[in-house]
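Please open the model in your viewer and keep the selection tool at hand.

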Amino acid sequence: MIQVTLPAHLRGLARVSNPVELEVAQPVTQRAIIDALEAAYPMLRGTIRDISTKERRAFIRFFACGEDLSHEAADAPVPDDVAAGKQPFRIIGAMAGG
Amino acid sequence: MTGFARKCKKTVTNETRNSLDNNEQSFYAILCYPALLHIARDSMSVVRVLVGTRKGAFVLHSNEQRKDWTIDGPHFPGWEIYHITGTPSDPHRLYASQSGGWFGQLIQRSDDGGKTWEAVNNEFKYDGNPGTHQWYDGTQHPWEFTRVWHLEPSPTDPDSIYAGVEDAALFHSGDGGKSWRELPGLRAVKGNLWQPGAGGMCLHTIILSPENPNRIFVAISAAGAFRTDDGGVTWRPVNEGLRSDGELPDASAEVGHCVHSIALHPTRPNTLFMQKHWDIMRSDNAGESWHEVSGNLPSDFGFPIGVHAHEPETIYVVPITSDSHHFPPDGKLRVYRSRSGGNDWEALTNGLPQENCYVNVLRNAFAVDKLDSCGVYFGTTGGQVYVSADSGDHWQSIVHDLPPVLSVEVQVL
């Protein structure tokens, strides 16, 4: 199982607590994780990435294993520890707004 | 009551709820909000005020006296609620526009008067290639969806609802928000000449004609007012008589005016009242032409405009000082009422702060109820919600420390 953590606004929207556990097929990529997340919690559609283009929203960041993965390709494999369920894939609202 | 109890012993579906009469609707509201019992004890009508703010939604309840209130919320804490409204044909069906800079746009729907909510479809896709509109510097800029400013449900079908969005366009859902379709004919009306106002290029006002189901009025900042007579397929600007001196190269241009809000009374479907950027305007021919009725107002700049529920010539505005000073003149919060459809205005101040008040009232944050003694409501950017239970003669604050108020709607159950 893959572990995903969500920011407070999205936890409230999906009515979940951290971490969310998801079944994600191999190879585990950012796209596969968010596909699985949106399938399990349809209310999150459009809140993390654009509905049509699937591009990450500007003020959303992806972190895992101490690294910023926000600019990695959506189809690139995530770190092994995330794929193995040992480390969470963190979805974060960027610090912005003063 | 026996029949009502029997209906409510079962799971209350849309069908059973729609079969309730007015008294039963009030009881149903009390079932959803048991705290209403004490305020409804002396009177059968329940008044529900729906408040959208920068940091969530609030649902306020009272009875016909409109003196004692319960406050429920925040719903969707931390999110901007540009608009929350109820449907006339099923008052417990509510819709809310929930948005934020980080997480985008959501549409929420409630079938129990706001007790519980369900996120419905949030895909607002322009029809085809939307092209470009005018940007602040006069260059062309791609059309981009940002948020839903206004939701306008059909008077007869709770599943039919219109959404006015930024960048300006009109969408419709016929299935309770499960899908949205743009009415692209609107943008075809010189959309390349529309430009954003300071708050964005937003379609903020939608009026469904009470006499003609094919007629809709919309208003856009800064494009103007538009009307369709064929259910939204084709549109035309209805801005004759508006003047935007110093704001547009052609002060009486066909499009480009910064209309802030429009209101009408259901018994006078051809009489429209407009709060423009500057100027209070009136049309008696469904927008074919407008004339100014600012009269003796201390300032004719403002955002909301409203019409009394039972007096079609009684209208309300809340003047602010200017386009650069978005607060009331002289630090006095005054609602102005005209009982003559404009020109002659009186200041309504009883119960409103008359010194050191520097709040604003935004365009969707003004509403009236339909009780015999018409209630008037507004919310401020300072987080106050005020009510007058006597058409504006006396005011009291319902709540005074909410986040900045973006929208106010009222239902009588």
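In this tour, two residues are in contact when they have heavy atoms within 4.5 Å of each other. Please note that the model is predicted.

Begin by selecting Leu69(A). This residue lies in the loop between strand 4 (67-68) and helix 3 (80-83) of chain A. Is Leu69(A) buried or exposed? Leu69(A) is buried, because its relative accessible area is 5%, and buried means under 20%.

Next, display the residues that surround Leu69(A). Not counting residues up to four places away in sequence, Leu69(A) touches Gln30(A), Phe62(A), Phe63(A), Ala64(A), Pro79(A) and Phe89(A). Select Gln30(A) from this group: in sequence, Gln30(A) and Leu69(A) are 39 residues apart, while their C-alpha atoms are 8.9 Å apart in space.

Now show both chains and turn to the place where they meet. Here 17 residues of chain A are in contact with 17 residues of chain B. Between them, the two chains bury about 1,300 Å², with 55% of this area on carbon and sulfur atoms.

Which side chains form the salt bridge between the chains? Select Arg45(A) and Glu123(B): their side chains meet in a salt bridge, at 3.5 Å from N to O. The count of salt bridges between chain A and chain B is 1. There are also 7 residue pairs in polar contact between the two chains, counting pairs with both residues at pLDDT 80 or more.

Finally, select helix 1 (residues 8-14) of chain A, which gives the most to the side of chain A that touches chain B, with 3 residues. The residues of that side divide into 9 nonpolar, 5 polar and 3 charged.

Notes: Residues numbered from 1 in each chain as written. Chains lettered and ligands numbered in written order. Predicted model: local features only at pLDDT ≥ 70, side-chain atom pairs only at ≥ 80, totals over all residues. Heavy atoms only, no water. Buried area = accessible area lost by both parts, 1.4 Å probe. Salt bridge = Lys/Arg side-chain N within 4 Å of Asp/Glu carboxyl O. Polar contact = N/O pair within 3.5 Å; in protein donor to acceptor, adjacent residues only side chain to side chain. Helix = DSSP H or I, 4+ residues; strand = E, 2+ residues; numbered from the N terminus. Nonpolar A, V, L, I, M, F, W, Y, C, P; charged D, E, K, R; others polar. Buried < 20%, exposed > 50% of the residue type's maximum accessible area, 1.4 Å probe, protein only.
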